[in-house]
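Open the model in your viewer and follow the stops below. Each stop tells you what to select and what you will find there.

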Amino acid sequence: MTFHPMRFLIDRDARRRLKDRLAQVATFLCVVIALIPLGSILVTAVARGAAAIGPGFFTDSLPPPCNPDVTPNCPTGGIANAIQGTLILVALAAGISLPVGVLAGVYVSEYGANRIGRSVRFFTDVMTNIPSIVIGIFVYTLFLELGVLGWVDRGLVFSATTGAIALSTIMIPIVARTSEEALKLVPVAVREAALALGVPKYRTILRVVLSTARSGLVTGALLAIARAAGETAPLIMTAFGNPFGFQGLDQPVEAMPRIIFVYGITPFPNWQALAWGAALVLVLISLLISIASRLVLRSRFSIGGVHR
Amino acid sequence: MNRRTLYIAIGAVAVVAVIIGAGALTGWFGGGPPPITLVGAGATFPYPLISKWSIEYHARTGVQINYQSIGSGGGIQQITAKTVDFGASDAPLTATERAAAPGLLHIPETLGAVTFVYNLPSIASGLNLTGSVIADIFLCRITRWNHANIATLNPSRSLPDRDIFVVHRSDGSGTTFVWTDYLSKLSPTWASQVGKGKSVNWPCGLGAKGNEGVAGVVAGNPYAAGYVELAYAEIQRMTYGAVKNAAGNFVLPSLNSTAAAAVAAILPNGEDSWTNVSIVNAPGALSYPIASFTYLLVYRELNVFGASMTQVKAKALVDFVWWVVHDGQAFSSALLYPPLPASVLGADERTIGLITFNGQALR
Amino acid sequence: MRLSLKGLVPARLRRWLGGAPGDPLFHLLTEVVALGILALLAAIVIVLFVGAGEAMRAFGPRFLTGSVWDPTPPEEFGAVPFVYGTLVTSAVALLLGVPVSLGIAIFLSEQAPPWIRTPLTFLVEVLAAVPSVVYGLWGIFVLAPGMRDTVEPALQSVFGFLPLFHGTPFGLDKLTAGVILAIMVIPTISAVSREALLAVPDSQREAALSLGATRWETTRLAVLRYARSGIFGATILGLGRAVGETMAVTMTIGNRNIVSVSLLDQGQTIASWIANNFTEAQPLEVSALIELGLVLMLLALVINVVARLLVLRMFRVAEGVR
């Protein structure tokens, strides 16, 4: 709208302009309101977790509960066992869910223009919405029943294995859906060009399509990994927790989100500081993964050389 | 180096890092045979002490005791399901629970006091209280701190005119069992309206998870009141009340008053029913009225676990329990858990002697 | 960079793999994996139904209408307080979250100068990356005391006559849990709403602008009306997320199994109750908890299917007008 000095003298239009400005301010305030908790969380995590992040934070494990004001040598301890546990659980879960999810995404996108493909897509969507606590009770119940039947050892219910299975079950639908979406974005022309050159379909998919969709696939994988790293509820009844480091796939294992929950609600200052330190680390990792997936997406145009 | 090589390199480094990390902490690299690990679950009541034992025992023997404090209810259920190697509970097994887990022994490993903690800015420890007043507070019949019933017990204190913020347990807890056991004995209204148990229908108040959770909420909220085991209150320098005992004295929970409560205790054999065991409202001038033993729950015949329990592991479990009731008691007092009385120690030794693996005694 | 099979595989095998037989093999592989996922879902449903069977046979429809959860024999398990708590906290989350999300979506798609859109969109996305348990911890230490000391007393002084705000403010109650859920669903609702707004064809905006509408009037008259179903779908998606949240809720809701009107009272949701009790429940109670989990799963599923349908409709409507 061009600026015309006369307009300001007409009351009605001035009111409309005012409303426009107000709307702009109000919607901007909404953004600010949403970002205040984010800022508060970061500030609190730094303020309360800083006490724990010292040299021992990444190498020591759970200290005895104590209050530095009461006990003279109250050890700060660290979350080494939890970091290791999360790495192992997420690595195992990713190892299972990434290949499975990508292959399923390939199926739906490349071979799935039929009833099976449509139902896989629909049900995978359904699976992304299953609350994670339900997945936790599924894995616990399954392994307890297998244990009662004698097929597996009952102690396996609380182990890195069940924890990884629970996380995979959460990750697989996410990876499958994001992979399918990423593959769908690859232009048909690319596939047709490869097929016209005589490349068999499976090699087209493996060599050409997957490479072109690389950034979307990586983003989907990162998203699923970030989600798995932050899950707590299913791990309470599968991974169980462990003050020691990784003891084997059939033994309970600690995880960072779990210790945030368990130590955070205690009144012991050294445990609370560890919980906040872990929270800070987790939030930073999630932040890094978000940034990484954005960067990967932005560099889409330089990988594969596909122009739209 | 192009991007694909970069990704592969990152992936490889990550995998190697995970493997090295896993190896270092499991002793795969030349540390000898992997350490023996025992998994336990249960009561939060003795958790500070068990946590200490876990660290000390590991330093002495290399055996790794992984104890998760999920509450007495959880301890009983998981040892019944045999998903853990031993359980822990402050509430003895009920008849139903005994029937579901035949052969489970009660081995008291320590005892402690349940305190009435409060967060009143201007009031130090030692607020005088009686069982019926506490019951009324948890029934929400007394809702303000300066209520006449509390004031008459504490003429020298100026109580704030504020609502009492009641905190209780949200999980199945042996501490709740002890607390409600006491309140049922001292308040007929409580006994008929709420009763005793690991989990009850609380008339009011907020639920928190574990002794830790209750202590955390009370510590974080002025004018809150709850019940926690003495160690939790002491570690946090929380203020707690002096409760009137059976002899009519207002007693603060402490090492001595808790130990005094256990003096006259007559305990059954480890393999029998402990359903009616209670040292609540114990006689004695110095006894603290809300005290309790807490029990390790171990199967008498350890081959019930199947393939995962080996002779070596069974022996390690029995050795741990033996150490706990003997050398482990040296760490109790510092955390305000009284050492086991000699009579209880003797009974424990007898019970531990009953534990077998494939019929062979392990001690 | 090309990986060559030459050095690894003998020539005949290579020819066999590189030829036609490779295709059906790969097709089969992906199909088996895809069906495997369906099998996993079937396994989840079967295991949960079998697990819930005992409770379903013992209580029947009483389960959904009962208000008492009592594990001491004779057991009585009723789901009402948890369903109520879930619905109330989700309602608060939507009441608070939808206006804010809509404001964000409008700002980022219609009002903001282009240079600020990407960083702000990114920041709102980061809200979604924060794990639930961290929200819960922040809720206990920062939000709950703030609610208890400032917000709730203020609400009581103004709206105290409403039964919604009766009772002493403790900070850990349904209202606080609802606020945290609102924060957690904002990224979802605002992102999908933004898509809905962007899907509105420019012709609508141009028509309004050419008639002399201000930016806000364009948004209000032309864009929002058009994007209505998409925004509604976004809201339902947010609801789906709120219903399944466990950790942030269990740390801030106060864990009491009662149905009460006041938002300042403690409550309990399905997910939080299951998380609290699952490892300590005896067999019949475990079965009841699994049944509760099935109820939750069904709730989340229905909500999400409705949302997807609405969002799909938004795209189809947009395509219909050129």
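This is a predicted model. Start with two helices of chain B: H12(B) and H13(B) are roughly antiparallel to each other, because the angle between them is over 145 degrees.

**Stop 1: the helix pair.** Select residues 311-325 of chain B for helix H12, then residues 342-353 of chain B for helix H13. Their axes cross at roughly 175° and come within 10 Å. Which residues make the contact? From H12(B), show B:Val318, B:Val321, B:Trp322 and B:Val325. Six of its residues are nonpolar, one is charged and none is polar.

**Stop 2: where the chains meet.** Zoom out and show chains A and B together. The contact draws 32 residues from chain A and 32 residues from chain B. Stay on the chain B side.

Which of them gives the largest share? Select H1(B): six residues of this side come from H1(B).

**Stop 3: the domains of chain A.** Select residues 1-34 of chain A for domain 1. Then select 80-296 of chain A for domain 2. How far apart are their C-alpha centres? The C-alpha centres of domain 1 and domain 2 of chain A are 47 Å apart.

Technical notes
Residues are numbered from 1 along each chain as its sequence is written. Chains are lettered from A and ligands numbered from 1 in the order in which they are written. This is a predicted model: local features need pLDDT of at least 70, side-chain atom pairs count only at pLDDT 80 or more; totals for chains, interfaces and linings use all residues. Two residues are in contact if their C-beta atoms, placed from the backbone, lie within 7 Å. Helices (H or I, at least four residues) and strands (E, at least two) are DSSP runs, numbered from the N terminus. Axes are lines fitted to C-alpha atoms, for helices over the stretch in contact, and angles run from 0 to 180 degrees between N-to-C directions. Angles under 35 degrees count as roughly parallel, over 145 as roughly antiparallel, 65 to 115 as roughly perpendicular and the rest as oblique. Ala, Val, Leu, Ile, Met, Phe, Trp, Tyr, Cys and Pro count as nonpolar, Asp, Glu, Lys and Arg as charged, and the others, Gly among them, as polar. Domain bounds come from an automatic or database domain assignment.
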